[in-house]
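Subject: Structure for your review

Dear colleague,

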Amino acid sequence: MQKRSNILVTGGAGFIGSNYINTFVPENKYNFINLDKLTYAGDLDNIEVANAQNYTFVEGDICDKELLKQLFQKYEFIQVIHFAAESHVDNSITNPAAFIDTNITGTFNLLHEAYQMWMEGPHQLKKEFKDVKFLHVSTDEVYGTLGSTGLFKETTAYAPNSPYSASKASSDFLVRSYFHTYAMPVITTNCSNNYGPHQHDEKLIPTIIRKAIQKEQIPIYGDGQNIRDWLYVYDHCQGIQLAIEKGSFGETYNIGGRNERNNLYIADAICTLLDELSPRDDEKSYKDQIKFVSDRPGHDFRYAIDATKIEQELGWTADENFESGIRKTIEWYLKKYNV
Ligand SMILES: NC(=O)c1ccc[n+]([C@@H]2O[C@H](COP(=O)([O-])OP(=O)(O)OC[C@H]3O[C@@H](n4cnc5c(N)ncnc54)[C@H](O)[C@@H]3O)[C@@H](O)[C@H]2O)c1
C-alpha cells in the first residue's frame, strides 16, 4: 500500500463513522483504515463500501497502545479522524468505567501515538509529516444543559453532567492540550444529536420507529419536554469533512442544524409519518402506543447549538431540516425492518 496517503478512522463501524466512510471512501484519493473494536455498537454491515480498493478494516481497541504503534508504523497515517467512543448516556449511568477507558484513555493513546509518529518534539513536525491533521469528533453535551433560552457557542464554559459527557469533555481537554503544549495540528468538532441511517437500535429515534412497527409501547422519558437540536448524520459528516479540509488548528467548531425539537414532538412526528407510510392494521394512529416512563437520572433539559462559526468561517450549512431528514430516516428503517 502506498504510504503518506493513509487516513486512520476510528470507530468507523458505528453510526456516524460508517456514514462518514460510506460518503467519503468512494472515489477518494486516500486510503481509509477503519480501526474498530466492534463493541455491541459496531456493525460491519453498516459499511456499504467494504470492497472498495481504498478501504481496510482492522478489528482492534484504541486502548491497545501496542496495536496503535504497529498501525502508525505500518501505515504512516497523514490524518486521524477519531469517532470511536462509548456513546450512549444511559449506558454511562450503569457502566461508566468503559467510558473512562475508551473515551479518555483511548483518545490519549491516539493523540500520543500520533505525536510520537508525527513530531520531533514540541512545536516541531517532522518534515515528512508536515501536512498531518487530527480531527476529534465530540458532542455538544460537554456544555451541560440550557434553560429555555440561549445557545451553546464555542466559548460556552464546559459543564458536563453525565459520565458520558464528562468523559467526552476530558477527551476534548486532552486534544486541546496537545495543541497548546506541542502545537499538534488538531481540530475538534462538537455536534448536536444526530439521526439517520445505521444508528444503533438503542437510541431515541430508532427506538421510536422500531417499537411503533413492532406494536409495542413507545417509551418517552419524563414528560417528553426535553429538547435536543437534531442534525441529519450526512450534514454532520459534511461538517467534519469541511473542518478537516479548512479548519484552523487548535480550534473547535460547533455543528448543529438549528432544529430544536422536544422528545414528544419527535415521537408525534414519527408516528404521523408512519401512519402515512406504513399504517397500522387497525387504522389507529401509532401515537396510541406512546407511553411516558420514569425520567433518566440527571436528564439535561435542553441542548441547542449556535453554528455561526462553522457556517461563516468554513461555509457549512445543513441540507436537511428535521422534517425532510426524518422522512428519509423512517424510509431507511422501514426497508431495514422489511416493512
Ligand atoms: N450520535 C450522536 O448523536 C453524536 C452526536 C455528537 C457527537 N457524537 C460523537 O460521535 C462519535 C461517534 O458516535 P456514534 O453515534 O457513531 O457512536 P456509536 O456508538 O454508534 O459507534 C461507536 C463506534 O466506536 C467503536 N468503539 C467503541 N469503543 C472502541 C474502542 N475502545 N476501540 C475502537 N473502537 C471502539 C464501536 O465498536 C462503534 O463502532 C462519538 O465520539 C460520539 O461521542 C455522537
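Helices (H or I, at least four residues) and strands (E, at least two) are DSSP runs, numbered from the N terminus. The model is a predicted one, in which local features need pLDDT of at least 70 and side-chain atom pairs count only at pLDDT 80 or more, while totals for chains, interfaces and linings use all residues. Residue numbers start from 1 along each chain as its sequence is written.

Glutamate 76 sits in the loop between helix H2 (65-75) and S4. Although glutamate 76 is not a glycine, its phi is positive, at about 45 degrees. A residue is called buried if 20 or more other C-beta atoms lie within 10 Å of its own, exposed if 12 or fewer, and partly exposed in between, with C-beta atoms placed from the backbone. Glutamate 76 is partly exposed because 17 other C-beta atoms lie within 10 Å. Arginine 258, in the loop between S13 and strand S14 (260-262), also is not a glycine and has a positive phi of about 55 degrees. Arginine 258 counts as partly exposed because it has 18 other C-beta atoms within 10 Å.

The main sheet

Two strands are said to pair if DSSP finds at least two bridges between them. An open sheet is formed by seven strands with parallel pairing, in the order S3-S2-S1-S4-S7-S8-S13. Its edges are strand S3 (55-59) and strand S13 (252-255), each of which pairs on one side only. From one strand to the next, the twist averages 20 degrees.

Strand S7 (residues 133-139) is joined to strand S4 (residues 79-82) by four bridges, and the two run parallel. Within this pairing, isoleucine 81 has leucine 135 of S7 as its bridge partner, and histidine 82 has histidine 136. S7 and S8 also run parallel, joined by six bridges; here leucine 135 stands opposite isoleucine 187 in S8.

How many of the residues of S7 are buried? Seven of its seven are, and the strand is mostly covered. Lys133, Leu135, Val137 and Thr139 point one way from S7, whereas Phe134, His136 and Ser138 point the other way, and all are buried. In a regular strand the side chains alternate between the two faces of the sheet.

Helices against the sheet

Contact here means that the C-beta atoms of two residues, placed from the backbone, lie within 7 Å. Axes are lines fitted to C-alpha atoms, for helices over the stretch in contact, and angles run from 0 to 180 degrees between N-to-C directions. Helix H4 (residues 96-118) lies across strand S1 (6-10), S4 and S7, at about 175 degrees to S4. Helix H7 (residues 233-246) lies across S4, S7, strand S8 (186-191) and S13, and runs at about 160 degrees to S8.

The nonpolar core

A nonpolar core is a set of buried Ala, Val, Leu, Ile, Met, Phe, Trp, Tyr and Cys residues joined through C-beta atoms within 7 Å. The largest such core has 82 residues, of which Val9, Ile208 and Ile270 touch the most other members. Helix H8 (residues 263-277) provides the largest share of this core, six residues. Leaving aside residues up to four places away in sequence, valine 9 touches Gly17, Tyr20, Ile21, Phe32, Ile33, Asn34, Ile81 and Phe83.

Isoleucine 270 lies 9.6 Å from glutamate 323, C-alpha to C-alpha, although the two are 53 residues apart in sequence. Glutamate 323 belongs to helix H10 (residues 322-336) and counts as exposed because it has 11 C-beta neighbours inside 10 Å.

A further strand pair

Strand S10 (residues 218-221) has a covered face, made up of Ile218 and Ile220, and an uncovered one, made up of Pro219 and Tyr221. S10 pairs with strand S15 (residues 290-293) in the parallel sense over four bridges, and tyrosine 221 stands opposite valine 293 in S15.

The ligand shell

A residue is near a molecule if its C-beta atom, placed from the backbone, lies within 6 Å of it. The ligand is surrounded by 31 residues, and the closest are Gly11, Gly14, Ala41, Gly42 and Ala85. At least two residues of this shell come from each of helix H1 (15-24), strand S2 (31-36), H4 and S7; the largest share, three residues, is that of H1.

Yours sincerely
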